[in-house]
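Please read each point alongside the sequence and the coordinates.

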Amino acid sequence: MNIEQFIALDPNEKPLDRMVSNGGYCSIFRTIGCIGDSLASGEFESRNDKGEKQYHDFYDYSWGQVMARDTGSKVYNFSRGGMTAKEYMQSFASANGFWEKDKLCQAYIIALGVNDIIGQKQELGDISDIDKDNYENNKPTFIGYYAQIIQRLKQLQPRAKFFLITLPRYGDENDAISKNFRDRLDDLTKFFDRTYLIDLFTYAPAYDKAFCDRFFLGHMTPTGYVLSAKMIESYIDYIIRHNEKDFAQAAFIGTDLYYENED
């Protein structure tokens, strides 16, 4: 056995240079919550007899459930096609019992923003919109609502880890929006503890015509969702390997146990 493959860290390694099998170190989390929209819900598009678009959330095809099968962990789809951070906080999470104790997770992956920023053209905002002491006072911007999700979950599960997924590059006029979005999520990882960026804008392939021709039919194809899971798993594995101390007590998340107090 070559132990170096597990402990050696290449300072030049990029997050998606090493694609993992069976979830890699994602499996240290036994419960994972995926908060998102259609692409977190395994949504597929169909056409009826009139050629009209119809949308269907097939959760078993979602990248979250691919992760569940890869890791053996319990993965929850806290998501629905068309979801926004505003709707999640104002009605969706409460209506579906997602704040309840039996739904609390060791880790959360948040994949929101397309419907908010590109679809509804909501004001993006920034971390100045956050009231760290009372999330109900956050300003009504995307970052204000997005931060509310993290803040409420931190009250319920203080030691949970959060992974924030950026928008990808599209190779079109939306890239400027995606870059600004990435920068604001990066600010959140500095504002909140135990919070990490999954920067698909920088490190994932561009979701351009060549990519979409292969992995999209309006929404992703089954292989597109599997590829998404592999990228997310590999990115989280990279984060864990490069921040081992941050995750040494992952098994204690959701309990009162600790080895030593975490920073």
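1. Strands β5 and β6 (residues 161-165) pair in the parallel sense over four bridges. Strands here are DSSP runs of E with at least two residues, helices are runs of H or I with at least four residues, and both are numbered from the N terminus; two strands pair if DSSP finds at least two bridges between them. Within this pairing, Ala107 has Lys161 of β6 as its bridge partner, and Ile110 has Leu164.

2. On provenance, the model is predicted: local features need pLDDT of at least 70, side-chain atom pairs count only at pLDDT 80 or more, and totals for chains, interfaces and linings use all residues. Residues are numbered from 1 along each chain as its sequence is written, and side-chain values use heavy atoms, with hydrogens and water left out.

3. Strand β1 (residues 31-36) pairs with β5 in the parallel sense over five bridges. β6, in turn, pairs with β7 in the parallel sense over four bridges, and Ile165 stands opposite Ile198 in β7.

4. How far are these strands covered? Five of the six residues of β1 are buried, so β1 is largely enclosed by the rest of the structure. Buried means under 20% relative accessible area, exposed means over 50%, and partly exposed lies in between, using a 1.4 Å probe and protein chains only. In β5 (residues 107-111), five of five residues are buried, and β6 likewise has five of its five residues buried.

5. The two faces of these strands deserve a separate remark. In a regular strand the side chains alternate between the two faces of the sheet. From β5, Ala107, Ile109 and Ala111 point one way and Tyr108 and Ile110 the other, and all are buried. In β6, both faces are covered, with Lys161, Phe163 and Ile165 buried on one side and Phe162 and Leu164 buried on the other.

6. Helix α5 (residues 142-156) has 15 residues and reaches 22 Å from its first C-alpha to its last, close to the 21 Å expected at 1.5 Å a residue; the expected span is 1.5 Å times one less than the number of residues. Of its 15 residues, 12 are buried. Among them are Phe142, Tyr145, Tyr146, Gln148, Gln151 and Lys154.

7. Which residues line the largest cavity? They are Cys26, Phe29, Ile32, Met67, Ala107, Ile109, Phe163 and Ile236. On a 1 Å grid over the protein atoms alone, a cavity is a set of points where a 1.4 Å probe fits but cannot get out, whereas a pocket is an open set with protein on both sides within 12 Å along at least five of seven lines; lining residues have an atom within 4 Å of a point. Its lining divides into eight nonpolar residues, no polar and no charged. The volume of this cavity is about 30 Å³, where grid points are joined across faces, edges and corners and a volume is the space filled by probe spheres set on the points. A search of the whole structure finds one cavity of 30 Å³ or more.

8. The largest pocket has a volume of about 590 Å³. Its lining comprises 27 residues, of which Leu39, Val114, Tyr170, Tyr207 and Phe216 lie nearest the centre. The elements α4 (114-119), β9 (219-220) and α9 (222-242) each supply at least two lining residues. The lining divides into 18 nonpolar residues, eight polar and one charged; Ala, Val, Leu, Ile, Met, Phe, Trp, Tyr, Cys and Pro count as nonpolar, Asp, Glu, Lys and Arg as charged, and the others, Gly among them, as polar.

9. Thr71 lies in helix α2 (residues 63-71) and counts as buried at 11% relative accessibility. A polar atom of the Thr71 side chain lies 2.8 Å from the backbone oxygen of Met67. The backbone nitrogen of Ser73 lies 3.1 Å from a polar atom of that side chain.

10. Asp193 is placed in the loop between α6 (175-191) and β7 (195-198), and is partly exposed, with a relative accessible area of 39%. Its side chain makes a polar contact with the side chain of Arg194 at 2.8 Å. A polar contact is a pair of N or O atoms within 3.5 Å; within protein, one must be able to donate a hydrogen and the other to accept it, and residues adjacent in sequence count only if both atoms are side-chain atoms.
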